[in-house]
Amino acid sequence: MNSKWTTARLKDLALINRESYSRSDGWDFVNYLDTGSITKGVIDKITLIDLRHEKLPSRARRKVAPYDIIYSTVRPNQEHYGIIRHPVANMLVSTGFVTITAKEGVDAQYLYYYLSQPQITTYLHAIAEQRVSTYPALNVSDLEELPITVPPLRIQQEIGEMLSCLDAKIDLNDRMNENLEKQAQAIFKSWFVDFEPFRDGEFVDSIIGSIPKGWKVEKLEDLVNIKYGKDHRSLSDGDIPVYGSGGLIRYISEAIYTSESVLIPRKGTLNNVMLVNHPFWSVDTMFYTEINKPNFAKFLFQLLKRKDLASMNVGSAVPSMTVALLNQIRFVLPPDEILEQFERVTNPFYLKIENNRRQNQILAALRDTLLPKLMSGEIEVPVV
């Protein structure tokens, strides 16, 4: 570490829980962020609450300003933290967060990335587990007393900017993928739900309504074999992704299936259907599909994305799906040439989505490799 680097407590570098909301603020609405709705800086959902007609949740109290850091005090190992660079209007976060506002002479982004290091999360979680409570939770003082390594401000700014640029590119790729997916969804709806390109043709009655002549009503079992995933824990590390109902789990050395497939949750988050067009492994909470018809995978993916699979839950404590239920799903199957055309139109979208995902994996690995080295001074940042 450079001799100009110092160590300070977090409370010396930042204001903790700087400002709270009160009725005297007179807001008509609130944009509320709960602790479970942000993970490692990625916001899943902000809830709009109309205060003229709805009651504000009791925990919706902490105000956030630009570049405030929010850090969940409950179970730090779940990594519910982030930096709110550009808050939406009337934004409040849960009192389950500590809000951290960098003081003058401290770079907020540097402070955020310092707090996001895995060793810091592990350290804070170990403290939380020592508390006498029903679940691991931090006291505000635990964060206030946290020692922080502090380089000169200019170096803080360079480190913060370097890491934020990587995160910004990851976020841009994610938003691009979301847009591409919405385009594919819109095309599917236009063609196979509203039948817009085929309106000038003849329609016939079917057991699920009026459909274009020459199209068929099929069951999923007629075109797809639904297979169970398997345990992966005994397999060695590699470059093959392992998927569960919550998403990517790890990478291993072998694949359970190598062709394009649609993955369907068996347990857990039942609506989290995935399209995979590379070799993969699926765990036992996730079905995978062997598809028996050319150009059918992307059609099937969009079909199941439109289904509320969660409403088909047969579990009690844990949401559950069965092969029998999936096999009986009925749908309208277009002629082969229409399926082929849908494949040609949407395949470039999914190639780009996959390319962006791979790029994000590389960027995230680079960020995670640089982070501890930058924070310790092992790698020096050129200051311009």
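Guide: Helices (H or I, at least four residues) and strands (E, at least two) are DSSP runs, numbered from the N terminus. This is a predicted model, where local features need pLDDT of at least 70, side-chain atom pairs count only at pLDDT 80 or more, and totals for chains, interfaces and linings use all residues. Residues are numbered from 1 along each chain as its sequence is written, and side-chain values use heavy atoms, leaving out hydrogens and water.

Visitor: How many helices and strands does the protein have?

Guide: There are eight helices and 23 strands.

Visitor: What makes up the contact of H5 with H6?

Guide: Contact means heavy atoms within 4.5 Å. Residues including Phe188 and Phe192 in H5 meet residues including Phe299 and Leu303 in H6. The contact residues divide into seven nonpolar, two polar and four charged. Here Ala, Val, Leu, Ile, Met, Phe, Trp, Tyr, Cys and Pro count as nonpolar, Asp, Glu, Lys and Arg as charged, and the others, Gly among them, as polar.

Visitor: Why is H6 described as largely enclosed by the rest of the structure?

Guide: Buried means under 20% relative accessible area (1.4 Å probe, protein chains only). Eight of the ten residues of H6 are buried, so H6 is largely enclosed. Among them are Ala297, Lys298 and Leu304.

Visitor: What percentage of the 384 residues in the protein is buried?

Guide: Buried residues make up 47%.

Technical notes:
Buried < 20%, exposed > 50% of the residue type's maximum accessible area, 1.4 Å probe, protein only.
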